[in-house]
Amino acid sequence: LVDKMNGVQGDRFATILSILPPMSGSEKDSWASPWSVMGEPGFGAERAEILDGWEKLLSAHLSGASGGESVAADAIAATLASGASGKMHGRLHLEGMYNRIDIFYKSAAFYILSFLLVAIGLLFPPGILRKLAFWSLLAGILLHLAGLLARMIIMGRAPVSNLYESIVFVGVAAAISGLVLELFRRDGMGILLGAIAGAVLHFVAFGRAVDGDTMGMLVAVLDSNFWLSTHVVTITIGYGCSLMAGLAGHLYLFFHALSPNNQERLDTLTKNMIGLTLVALFFTLFGTILGGIWADQSWGRFWGWDPKENGALLIVMWQLMLLHGKVNNVFRPPGFALGLVFSNIVVAVAWFGVNLLNVGLHTYGFTDNVALALFAFCSFELVLGLALYLAVRLRSGSPKAA
């Protein structure tokens, strides 16, 4: 047993130093370690030259010749740039620049600035603060998109293949929906919603990033660029719009409890809630249908009552229930807003919670430390939503306010 364990450890060590690029025409696009390719047919002159460069770099380092290290490193870089891996070499430079810039921290800063400006601006007549908040939100979105585009180029796929990437993508989808809402409504609420969603989801993603490399290998079940770029992107946009609708529900209950006589603002928020819910329903429903088509092609069945499929269906049914109740006056605006607050819980459970069950074909997410955070979030939303709704009922003094 000890010998077998030592062998496993030896194999793991042999794959750590992946310094050789994939060969031209090879089906594999992953880098290899020298030990894993030694003796393979067609080792390649380029790989041999790279290994020779690494040998010179190590010798220069051991001898303390700093100038020799630079020369050897430049030779390795030149070999990579001129060979079959030249395109990948450019992606390496982009990844290095991406890591140095920390672009998502900068976009988060613009979101926070936008929130502060619009929050202060809501206390005063529309003016320069709201305009500055709009441009700050736009700057944050552009930086956010630039970071996602860089990740797409570096990895050669849509940036939604793991939990970290999905959080970052949902964040930009939510921020963009807030920006679009502001362009239509021009009341500052779209800026406020987009800035809050963008900033909060950024910090959630930062919490996931500390776990290690955020550009890991693609999970086998997601190994399809077409469906990764359609189904997963569509459903994550639906998550973002659903969370924005939930935030609009928070704002409605908050402003209703704070100033119930400001009917103009409450009417505006009601329209925003309905509009965001309709958009969220479109993307979640369309994304769920696309997922069924992908499942039919990959697994031979359109629907299998998998926990992830059930979670997506639950979001759709919850949104349909709220809209149907609103149209038929079963839910008045405060009740509709409370339902949207609870929809954040539904989205969180469908997005993160199903991976904790460890059953089904969709159990490929990262689950470390998620259970406690998910429970805390759901509890917070439940208590906050009920507290705000109770405050609205007490201020209104009428059961018809529900």
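Residues count as buried when their relative accessible area is under 20%, as exposed when it is over 50%, and as partly exposed in between (1.4 Å probe, protein chains only). The structure described here is a predicted model, in which local features need pLDDT of at least 70, side-chain atom pairs count only at pLDDT 80 or more, and totals for chains, interfaces and linings use all residues. Residues are numbered from 1 along each chain as its sequence is written, and side-chain values use heavy atoms, with hydrogens and water left out.

The chain holds 14 helices and 0 strands, where helices (H or I, at least four residues) and strands (E, at least two) are DSSP runs numbered from the N terminus. Of its 402 residues, 46% are buried. Contact is taken as heavy atoms within 4.5 Å. Among contacts between residues at least 6 apart in sequence, 72% link residues that are at least 24 apart.

The expected span is 1.5 Å times one less than the number of residues. H9 is mostly covered, with 15 of its 21 residues buried. Helix H13 (residues 333–351) reaches 27 Å from its first C-alpha to its last over 19 residues, close to the expected 27 Å. H13 is likewise mostly covered, since 17 of its 19 residues are buried.

One of the residues in H13 is Ser343, which is buried at a relative accessible area of 7%. Leaving aside residues up to four places away in sequence, Ser343 touches Ser242, Gly246 and Trp318.

H13 also packs against other helices. Its axis and that of helix H14 (residues 370–396) come within 10 Å and cross at roughly 180 degrees, which means that H13 is roughly antiparallel to H14. Axes here are lines fitted to C-alpha atoms, for helices over the stretch in contact, and angles run from 0 to 180 degrees between N-to-C directions. Angles under 35 degrees count as roughly parallel, over 145 as roughly antiparallel, 65 to 115 as roughly perpendicular, and the rest as oblique. On the H13 side the contact includes Pro334, Leu338, Phe342 and Ile345, and on the H14 side it includes Leu374, Phe377, Glu381 and Tyr389. The residues of this contact divide into 14 nonpolar, 3 polar and 1 charged. In this grouping Ala, Val, Leu, Ile, Met, Phe, Trp, Tyr, Cys and Pro are nonpolar, Asp, Glu, Lys and Arg are charged, and the others, Gly among them, are polar.

With helix H11 (residues 263–299), the axis of H13 comes within 11 Å and crosses at roughly 45 degrees, so H11 is oblique to H13. Here Thr270, Met273, Ile274 and Thr277 of H11 meet Pro333, Phe336, Ala337 and Leu340 of H13. This contact comprises 6 nonpolar, 2 polar and no charged residues.

Most residues other than glycine have a negative phi. Arg186, although not a glycine, has a positive phi of about 55 degrees; Arg186 lies in the loop between helix H8 (163–185) and H9 and is exposed, at a relative accessible area of 61%. Asn329 likewise has a positive phi, near 60 degrees. Asn329 sits in the loop between helix H12 (307–327) and H13, and counts as exposed at 62% relative accessibility.
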